[in-house]
Amino acid sequence: MSNHYIISVLSEDRPGIIADITGAVYELGGDLAELNQSILCGYLTMVLIATFDDDVTASLLLSRLEAIDSPTSYDFIVRDIAAPDGCPPSGPPDKTYVMTAQGRNKKGLVHGISSLCYRHNINILDLATTRTDDTYTMILQLDLSKVVAIADVRAALQELAAQSGLQVMLQHHDLFKVTNEIPL
Amino acid sequence: MLRSDQILATVEMIQKENLDVRTVTMGINLLDCRAATVRETCRAIEERILERAGSFVETCNLVSRRLGIPVVNKRISITPIAFVGAGFDRDGFVELAVALDRAATSVGVDILGGFSAQVEKGMTKTDREYILCLPEALAVSEKVCASINIASSQKGINMDALALLGRTVKDIAIRTSHQGGFGAAKFVVFCNQPGDNPFMAGAIHGVEEADTVLNIGVSGPGVVARSLERLIDSRNGNGQGLRLDEIAEEIKQTTFRVTRCGELVGRQVSEILGVSFGVVDLSLAPTPTIGDSVGEILHILGVDAIGAPGSTAILAMLNDAVKKGGLFASKTVGGLSGAFIPVMEDAVLAEAVGRNELCLEKLEAMTCVCSVGLDMVAIPGSVDADTIAAIIADEMAIGMVNNKTTAARIIPVPGKEAGEMVSFGGLFGASPIMTVRNVGKSSRFIGWGGRIPAPIHSFKN
């Protein structure tokens, strides 16, 4: 039997964080499955999945991580999960769309878009937002597999665009792949 | 995972730069529709078009909605009608035009091309009847476009046909004088006409093609213009240190992206319809919309007036870069593939005509290095038939000698003189009427008839 854990890490960014975390995992005999990290305004956040022998408990793993000698402070969450091969296959689903929304910055823009997605049963696979001067830009990768009529989504987006002053575009992921990648 | 800047670049192309798939054109073979009578043939043609293209427009719209990219025109090209209607007379061909118009309307396409003949070496009796029918056929039909191939690099120029066509172009314009001679905007004369060109008015479904084929026309002068502006702007706002090879590279990369969109749409539509995918025609085809002009690109690249010295060299570079970018992006490339300079359809070119910056002779020189020839050129209605024939002959000679496609779509606007405006609206655009110099001085040449022999294909030093 093995234990599978998902580990979440938050820290001020500096060189050596991934070496710290993976070093701790390695010392406990862990096998790293997947890792994803992102940096925002000087802060690093990371999630990783690792598999350990059954004698490595969640609390043992957490205490080993917390024992890392680091000039910055770490926040960890460790959770038990099912075997990683139970995760959905990687690669975007067939009905993956890219939505971009740009407009003057004001409160509630991301909430407006994400609520609309929720109402139409659209799962947000990835979201990145940036603010330059007074312009707010959102780029969302969306799974529309559960959407029956894309025309309804477009109509709702148009309404939202009119209300919020955002310029919203929704296009299939394939379009971005073919214009930016060599293989077709 | 795609990067944010890549995503935003693609979105900009569609949202602000007029990126679209200009046309999806379904080529349909009609050779076996010939029946014992004109009426039966018309019925067979209409049934064939309905059967093959019944769900064509709907499918294009579906793919367009799914991907989020506009597909502007949905069109049909057919086997050159003179082959299908072999043996029919002038009235028979007019009936065929009416039937084709009806079929085009019933399946909802914008335009149907292929009301055509191929006479580069000689004319049959049918071909002569076909030519005679053109003024009437183009007046009584709305969506039908006609074209005729009268020259090729292999066979030379059929000057007998050419002499007839000078007269025909005038007659077509006169027969549609209530529309400013609009009929002539639906008729093109070709040298080396390709059988897989999806763009109108010269699209045909060549006899060398399979039963049904889907060809895609991508465009995007606006996308190229904006990308060049961005490139120039990125160098201190004035293109400091920028050199022409870098500019050519930018055009190449932009064309790659544009072509890819066409390829994607084409593959999806052909898969849904179960029709074989033909070619992507990667052309810079302007529209009268502001910001969708080839002339504007010439301005950006450094001539302050279209037609000024340097215009031909810039156009040569543009045309070549478009081909290089597009060829790598698509599995199969065909059709015309190059930069178009249709005067009436390009607001900046039309403006240059109005300012006397662009004359017919310079336009002709520019057609030596790009697609597709003297296209959508409005001339005074008073210009005689032989002069029109001679203008066309010059353009055919350029194509013949240079082994390229050239075409002439000349509109002698009835009752109007040089400098006056003519407007057809929509995609056909508007422009001032161009001056034709040396009118009436080519009749002896046209009077010879016969053929200009094919040029030598060796000893090219």
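Analyst: In this predicted model, 39 residues of domain 1 of chain B are in contact with 44 residues of domain 2 of chain B. The two domains of chain B comprise residues 20-191 for domain 1 and 218-253 + 272-448 for domain 2.

User: How much area do domain 1 of chain B and domain 2 of chain B bury between them?

Analyst: The centres of domain 1 of chain B and domain 2 of chain B, taken over C-alpha atoms, are separated by 23 Å. Of the area buried between these domains, 73% is on carbon and sulfur atoms. The total for domain 1 of chain B and domain 2 of chain B is about 3,000 Å².

User: Which three residues supply 20% of the area that domain 1 of chain B buries against domain 2 of chain B?

Analyst: No other three residues of domain 1 of chain B supply more of this area. The three are B:Arg22, B:Lys170 and B:Cys191.

User: Which side chains meet in a salt bridge with an N to O distance of 3.0 Å?

Analyst: Across the interface of domain 1 of chain B and domain 2 of chain B, 1 salt bridge is found. A salt bridge requires a side-chain nitrogen of Lys or Arg within 4 Å of a carboxyl oxygen of Asp or Glu. The pair that meets at 3.0 Å is B:Arg22 and B:Asp292.

User: How many residue pairs are in polar contact between domain 1 of chain B and domain 2 of chain B, and which helix gives the most to the domain 1 side?

Analyst: The count between domain 1 of chain B and domain 2 of chain B is 10 residue pairs in polar contact, both residues being at pLDDT 80 or more. Elements that each supply at least two residues to the domain 1 side include strand 1 (21-28), helix 3 (56-67) and helix 7 (159-175) of chain B. With 9 residues, the element that gives the most is helix 7 of chain B.

User: Turning to chain A and chain B, which element of chain A gives the most to the side that touches chain B?

Analyst: Chain A and chain B bury about 2,300 Å² between them, and the count of salt bridges between these chains is 0. On the side of chain A that touches chain B, two or more residues come from each of strand 5 (96-104), strand 7 (135-143), strand 8 (167-172) and helix 5 (173-180) of chain A. The element that gives the most, with 8 residues, is helix 5 of chain A.

User: Is A:Thr96 buried or exposed?

Analyst: A:Thr96 lies in strand 5 of chain A and touches A:Leu125, A:Gln141, A:Leu142, A:His172 and A:His173, not counting residues up to four places away in sequence. A polar atom of the A:Thr96 side chain lies 2.6 Å from the backbone oxygen of A:Pro93. Because its relative accessible area is 1%, A:Thr96 is buried.

User: Which residue has a side chain joined to that of A:Thr72 by a polar contact of 3.1 Å?

Analyst: A:Thr72 lies in the loop between helix 2 (58-66) and strand 4 (74-81) of chain A, and is buried, with a relative accessible area of 15%. Not counting residues up to four places away in sequence, A:Thr72 touches A:Ser11, A:Glu12 and A:Arg14. A polar contact of 3.3 Å joins its side chain to that of A:Ser11. The partner in the polar contact of 3.1 Å is A:Arg14.

User: What distance separates the C-alpha atoms of A:Thr72 and A:Glu12?

Analyst: A:Glu12 is among the residues that A:Thr72 touches. These two residues are 60 residues apart along the chain. Their C-alpha atoms are separated by 6.3 Å.

How values were computed:
Residues numbered from 1 in each chain as written. Chains lettered and ligands numbered in written order. Predicted model: local features only at pLDDT ≥ 70, side-chain atom pairs only at ≥ 80, totals over all residues. Heavy atoms only, no water. Helix = DSSP H or I, 4+ residues; strand = E, 2+ residues; numbered from the N terminus. Buried < 20%, exposed > 50% of the residue type's maximum accessible area, 1.4 Å probe, protein only. Contact = heavy atoms within 4.5 Å. Polar contact = N/O pair within 3.5 Å; in protein donor to acceptor, adjacent residues only side chain to side chain. Buried area = accessible area lost by both parts, 1.4 Å probe. Domains from an automatic or database assignment.
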